[in-house]
Each structure stands twice: as C-alpha cells, then as structure tokens.
Amino acid sequence: MRKFFGKFVSVTLAAAVIAMFALSSDDKWCSRVDKAFDESALGSLLNESKAGYGRYATGLPGQAASVLADSGENGENGGNSGNGGNGGTEQDIGQTADTASTHRATDRDYEETDKISDGISVEGVYACGRLTGIYEQTEGVLVVNTTEVTDEDGKKVNPADKKVQCGDYILSVNGRTVADKEELSEAVNDIMKEYDERHEDESNEDKSTVNIKFLRGGEKMSADITPVRMDDGRYYMGIWVKDDLAGIGTITYYTKDGRFGALGHGIGDGTQSGNLLYANSGDLYSMKLTKIKKGKAGAPGEIGGVVYFGKKSHIGTLDCNSNLGIYGQLDSDELSEYAAEDTYYPVAGKDEIHTGSAQMISEISGKLEKYNLEITNIDKKATDTNKGMELKVTDERLIELSGGIVQGTSGSPIIQDGKIIGAVTHVFVDDPTGGYGICIDEML
C-alpha cells in the first residue's frame, strides 16, 4: 500500500484462470462470483502507478499482474487470462481476486481460530452486502511463470527453468530480503554488478549465480540461478512475478465489534497452481461502481468500478484468507456508519435452511437493495462447503439489471425467514440466474 496511497484503480471483473475451474458433483461447471482474485487482471499495466495514474485492472477480481520479475519493467500477461478455459458451465464469482490472508492463513495452514467465532456460537450479525475494493500485498514475490530471455549475444536461455515454479514465493536473494518485484530486480542487479566489477580483468568465462530462497507449499527451499545480461546492460532471471492483487468483492456480514467476513471463498494466488494467496498485508477500500456487464448463457457478467487507495477511503484491514472467506476488522468510522443503516439478523443453522423463497442483499444497483431468490436445493453434507445450497434468481429487477448473478457479487448475504443463512459464491455459466451459496455457519 505504501506506493498507492492517493491513487486509484479502475477494476473490471471477468472470467478466470483455467486452473481455478472445478467440476461439481452434479457435473455442472460453475465459477466463483468475483473471479477477480484468481486472475491476471492488472496485466502489463501494473507499473502505471509510477506515472501517477494508479493501477488499472481489467478482467477480474484478484488481479494477477505478470511482469518480468527481475526487470521491474512491464511485461505481458503470463498466460493467466482467458474466459472459461475448460469450457465448463460453472464459474467462481468471487475469488481474486484472488485472492487474501494477511497472516498467511491459507488452505495449507488455515485454522478455525482465524474465523470470526473462534469456535464460539454466534447468535447474530449485521448483514452487509456492500461492494468493496480489496488490496493484498504478497508475502515475498510470487512466481507466476518462467520464460526464455535473450542475452546480449542473441542467445535464448531460460535461467530459472526447473529451479522455481508458479506458486513459489521468493523471499531473498543471497540473503538479501525482497518484499516486492522492484527489490527483487535491484537485488539481482546489484549482486551481479558487484561480481562484474570484481572480475572485470579476468578472462575466464565463469558466470556468477545468485541463491534464491523461496517458499513452496509452505516449505522453505532454495535454488541457484545464473542471471542473464541482456542488451540493455541489466540482468534477468526470466521469471514472471507479481507482488500484489486487487479487485472487487462483497462484504457478507460483520459483528457488533466490527469483525467481518466476506466473499464466501478464498482469494487465489492468480497462478495455475490454484493455491490461496500468501499475503503480508491486506486492506478494504471504498469503490465507485462504473459499469455492469450483464451475464448471459456462456458468458458470466461482471462489475466494473474505481477503487480509491488512500487513508480517507480505507474501510478495513484483512487478517485471514481461507477457503471459506476472507476476514478482518472494519475501521471504527465505517462500523458506526454501517451499523446505523444495516439490519442485525439472527444466524440460521443448517437445519433451519429450507428450499423456497429467500432474498439476497446487494449494492449492485448503486444502493443496498434486497432481491428475491429461490433456494432450490440444500446439501448439508457438501464436500465443497462453498456450494452448500443451490439458488435461483427470481427477481426481475436484478435479471434486468445484471442478468442475474455476476462477478463481483460473491459474498452477497442471503436472508430467509428473518435470519441470515449464507452468501452467494458461484454462478452457473450456462444460466446466470442460477448458482451456489455457502451456509452462514460455515463462514462464522
């Protein structure tokens, strides 16, 4: 966040990385509602903030910005974009973009104590439904892919091939800690230039290597890589990396003391590894809705908005990213403002949820409104807890506005019989009026 205060980012949410698609038990394909967090939404425009324009994110929530790690320069997307990929008919609508644990609470080390209730029964929460901008900074520098580079003699080499892989988090170079891609680039080039200066009078062709320490699946590992000097005089390891993610999602609920849960699923790392994101910081920011792309069969809809990164627009802090949602603390000003407007609902247990009419709360129209749904099926023993209930949008206002469920609305709270019962998590690609939800007791 230190580089982006006072900047803004325009975010559009779209379909995600092929690796994030998963076949459901009934052979339908679905997609999370806020795809933003799984993809490469920032693309090659990550460094536009240097020019004072903030960060322009296209494509999804959970933006994965792919750049040549060691160059610090803009690069092309590392093959992480694409609509549908596997040709299925379900899509996640809220991942993101990927997406974000600030304390590295991932699918590998997630604990129940990271959730709101900490194992204690929660009798009631405020249903929220507000859209929010989400920003995450990675723990170390995330490897998206490796690639060939052309050295100053015109030879193509892939220095990092079989040394690191997508989903790795680079922590240091020769013992020098790196927190972002610029620091990674500087470390590699400083080390190599020092080597060149010490050996400038030598005629041997020995080449220096750098030692990379990284995390893979939570385990610390290392590799020696020989950077390549290109014709611009700088050294490159041929690694595509990113150091942050940004996108739009929906806050599901918050407690009287301001603890919140959102999305109803985790934020992916945006790579083909399909892992949740390791992050060392995360924040919520206010956003302005700018467009709604209606969903249609075969093409999920999406929300576009401008997210303002700054102290005045800060809403809350993230401290947990899990498969069941993202969690954190609302700022005191937001808590007071929200609580004065929102309704406090009792929490429904799984046994209280039934098929039939329900309502979804969303800010998709520009203001908080309730939209009619039909709960068509409940799976109390679902192995995929993000799909505990199947739902159908029946409200003509929402169908006219967005076509049904769209990317960016993942986390929208669901109300039935005067209680909060869950949150929207997926949309059916072949029918944007249908999708899945998570039961609220899974999120608490």
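Modeller: Start with the aromatic pairs: the count comes to 7. Rings of Phe, Tyr and Trp (its six-membered ring) pair if their centres lie within 6.5 Å; planes under 30 degrees apart are stacked, over 60 edge-to-face, and the rest tilted.

Biologist: Why is the pair of Tyr254 and Tyr338 called tilted?

Modeller: The ring centres of Tyr254 and Tyr338 are 6.0 Å apart and the planes stand at 50 degrees, so the pair is tilted. Tyr254 lies in strand 17 (residues 239-254) and Tyr338 in helix 2, so the pair ties together parts 84 residues apart in sequence. Helices (H or I, at least four residues) and strands (E, at least two) are DSSP runs, numbered from the N terminus.

Biologist: What makes the pair of Phe428 and Tyr436 edge-to-face?

Modeller: The planes of Phe428 and Tyr436 meet at 80 degrees with centres 5.2 Å apart, so the pair is edge-to-face.

Biologist: Before we go on, what kind of model is this, and which residues count?

Modeller: This is a predicted model: local features need pLDDT of at least 70, side-chain atom pairs count only at pLDDT 80 or more, and totals for chains, interfaces and linings use all residues. Residues are numbered from 1 along each chain as its sequence is written, and side-chain values use heavy atoms, with hydrogens and water left out.

Biologist: How do you know that Asp342 is buried?

Modeller: Buried means under 20% relative accessible area, exposed over 50%, and partly exposed in between (1.4 Å probe, protein chains only). Asp342 has 12%, so the residue is buried. Asp342 lies in the loop between helix 2 (332-341) and strand 24 (344-346).

Biologist: Which side chains make polar contacts with the side chain of Asp342?

Modeller: Arg130 does, at 2.6 Å. Tyr254 does too, at 2.7 Å. A polar contact is a pair of N or O atoms within 3.5 Å; within protein, one must be able to donate a hydrogen and the other to accept it, and residues adjacent in sequence count only if both atoms are side-chain atoms.

Biologist: Why does Ser402 count as buried?

Modeller: Ser402 has 0% relative accessibility, so the residue is buried. Ser402 is in helix 3 (residues 396-402).

Biologist: How do you know that the span of helix 1 agrees with expectation?

Modeller: The expected span is 1.5 Å times one less than the number of residues. Helix 1 (residues 181-198) has 18 residues and should span 26 Å; its end C-alpha atoms are 26 Å apart, so the two agree.
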